[in-house]
Amino acid sequence: HEVAGFSAVLDVFHSEPWRRDRLHANHAYLKHGLDALGYNVSASKAQIIALEPGDIRQTTALRDALEKRGVFGAIFFPPATPEKRCLIRFTVNCGLTRQDLDRIIEVCADIREEVGMAEWRSTKRKSTGGTKSETAHGETRKGSSRSHILGDWMNRRQLDRKGRSDV
C-alpha cells in the first residue's frame with residue numbers, strides 16, 4: 001500500500017508541477033519572513049521549517065504562545081531531540097495562501113519578546129554565524145550529519161517510471 005501511495009504522489013508531482021512550484025515558493029516565503037524576524041531557520045531545506053527554542057520549558061512557552069494565536073506546529077522533545085534542542089516544526093504545503101503565511105509571520109513577530117527568542121541558543125548561533133553543530137552532549141562538530149547525507153541521497157534518487165524502482 002505504501003508503494004502504491006508513493007507512486008500516486010509521484011504521478012501528481014509529474015502531472016501537476018504547479019503544486020511543487022507553489023510548495024517551494026511557500027517554503028521560501030515563510031523561511032525568508034521568519035529569518036528576517038531573527039529566527040534561525042537556516043537548517044530548513046525542505047517543506048519543514050523548524051524553530052528551535054532550546055529546552056522543554058522554552059519550547060512549551062513557544063507552543064503555548066503560537067497556539068493561543070491559532071498557529072500550530074509539531075512539537076519535538078527528548079528523546080526525539082537532544083535535551084536542549086527541542087523543536088516546533090511547521091509543515092509547509094502548496095495549499096497555503098499568502099495570507100496564511102503572512103499570518104504565521106505576523107504571529108511569530110508578535111511573540112518574539114514573549115517567548116524570549118533573543119535568548120535562544122539557536123538565535124545566538126545565528127547572530128554569531130556559527131557553522132558548527134552541537135551533539136547531544138554539548139560537544140561540537142563541523143560539517144555533515146546523517147540527515148545531510150540522507151538528504152543528498154534522496155535528492156539524487158530517480159524513479160524508473162516503468163519499473164517503479166529506484167535507479
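Biologist: Which residue forms a salt bridge with Lys68?
Modeller: That's Glu114, and the closest N and O atoms of the two are 3.7 Å apart. A salt bridge here is a side-chain nitrogen of Lys or Arg within 4 Å of a carboxyl oxygen of Asp or Glu.

Biologist: And where do Lys68 and Glu114 lie?
Modeller: Lys68 is in helix α3 (residues 56-68), while Glu114 is in the loop between α4 (98-110) and α5, so the pair ties together parts 46 residues apart in sequence. Helices (H or I, at least four residues) and strands (E, at least two) are DSSP runs, numbered from the N terminus.

Biologist: Is Lys68 buried or exposed?
Modeller: Lys68 is exposed, at a relative accessible area of 61%. Glu114 counts as partly exposed, with 44% relative accessibility. Buried means under 20% relative accessible area, exposed means over 50%, and partly exposed is in between (1.4 Å probe, protein chains only).

Biologist: Before we go on, what kind of model is this?
Modeller: It is a predicted model: local features need pLDDT of at least 70, side-chain atom pairs count only at pLDDT 80 or more, and totals for chains, interfaces and linings use all residues. Residues are numbered from 1 along each chain as its sequence is written, and side-chain values use heavy atoms, leaving out hydrogens and water.

Biologist: Which residues are linked in a network of salt bridges?
Modeller: Glu52, Arg85 and Arg125 are linked that way.

Biologist: Switching topic: why is strand β1 largely enclosed by the rest of the structure?
Modeller: Strand β1 (residues 48-54) has 5 of its 7 residues buried, so the rest of the structure largely encloses it.

Biologist: In what sense do β1 and β3 pair?
Modeller: They pair in the antiparallel sense, over 5 bridges, and β3 covers residues 86-91. Two strands pair if DSSP finds at least two bridges between them.

Biologist: Last one: what is the bridge partner of Gly54 in β3?
Modeller: Its partner there is Cys86.
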